[in-house]
Amino acid sequence: MRPLVQGVLVMLMAVCVFRPADEASAQAAKRGTRLITLGTLAGPIPRAHRAQSSNLLIVNGTHYVIDAGDGVVRRLAKARINIRDIGTIFITHHHDDHTAGLGTLMSVAWEENRTQPINVYGPPGTEALVKAAVQYFSMNSEIRIADGGRSIPIAKVFAGHDVVPGVVFQDSNIKVTAIENTHFEFHKGAAAGKFKSYSYRFDTPDRVIVFAGDTGWSDALVELARNADVLIAEGNSIEERKQAMMKDGRWQAMSEKERDGILQQASHGHMQPETVGRLADLAKVKAVILTHLSYRQPPNTDNYSPFIDQVKKNFSGTVVVAKDLMEF
């Protein structure tokens, strides 16, 4: 294991094992639960140094992907994960920074001669999303079959499933419980109640890991995270998001109504670090991992230590800011 920042390792030892994923992936068959943060950037604008939201759980050698933002396939490749081994995917919601890499992931798995079904679970609209991705890649599928080497159409391999809150999946390794969170609760008019966003709790034989996803505060999320070993939550700053939009010109191009809307979304559909700390404290989780990180302005582009300090105002446990391909 490579040397780690002194202090971080000490904090993590009681909760989780931490090492760069590309060093550890040869141990894929190892028993137990491994979490790899594949992509750690909030969207929608891509950045060079981080992929967008995606995580990988490996439980007793079985792979589960949670969200599939842009760059997920490259991160899986860098982690030395055989994409053909991925058979189960969970989507928290349908913003593109959580789904833009899904079609490519599906296509690459098919190109790698995956013949067993790949099931994608998520809020209403997931089935339609998967069908659309299959349609997008169907011409490539037909050409590859004509080229030789493949005989099963891509549509035969993938299935999307719209699930409702509750226990949404269970096998010999995991039980997955979903709640509807508040990411879209502020929607009004025709959109009110139309779109759903989920948080997930994964109970494995040795750990409990909760993915809050993009969400504001809710008592239901506190209960979902109750006594979890790890809470995966977003690192979000409303003011820095605004400054980023001003710098790249998006803010100036918006109407006043659009500006009000984006600030409403940022304040009601997301949690600030202090709120994450309060939630973690009430739920009595052991550790918080911050991901889905909002863009910071130079010269602090990749320095998220202030987010840790803000979480710790309300939470005394371990707090780590994730980078792509960290393992816990």
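Student: At what angle do H5 and H6 pack, and how far apart are their axes?

Tutor: About 35°, with the axes of H5 and H6 9 Å apart. Helices here are DSSP runs (H or I, at least four residues; strands are E, at least two), numbered from the N terminus. Axes are lines fitted to C-alpha atoms, for helices over the stretch in contact, with angles from 0 to 180 degrees between N-to-C directions.

Student: Is this an experimental model or a predicted one?

Tutor: Predicted: local features need pLDDT of at least 70 and side-chain atom pairs 80 or more, while totals for chains, interfaces and linings use all residues. Residues count from 1 along each chain as written, and side-chain values use heavy atoms, without hydrogens or water.

Student: Which residues meet between H5 and H6?

Tutor: From H5, they include Leu102, Met106 and Trp110. On the H6 side, Val130, Val134 and Phe137 are among them.

Student: New topic: how many residues are in the largest nonpolar core?

Tutor: 30, and Leu56, Leu76, Ile89, Leu105 and Phe158 have the most contacts inside it. The largest share, five residues, comes from H5.

Student: What does leucine 105 touch?

Tutor: Beyond its neighbours within four places in sequence, leucine 105 contacts Val72, Val73, Leu76, Ile83, Ile86 and Ile89. Contact means heavy atoms within 4.5 Å.

Student: Where does pLDDT stay under 50?

Tutor: Over residues 1-18, where the model has 25 contacts beyond four places in sequence. The chain averages a pLDDT of 90, and 91% of residues score at least 70.

Note on methods: A nonpolar core is a set of buried Ala, Val, Leu, Ile, Met, Phe, Trp, Tyr and Cys residues joined through side-chain atoms within 4.5 Å. Buried means under 20% relative accessible area, exposed over 50%, partly exposed in between (1.4 Å probe, protein chains only). pLDDT is the predictor's confidence in each residue, from 0 to 100.
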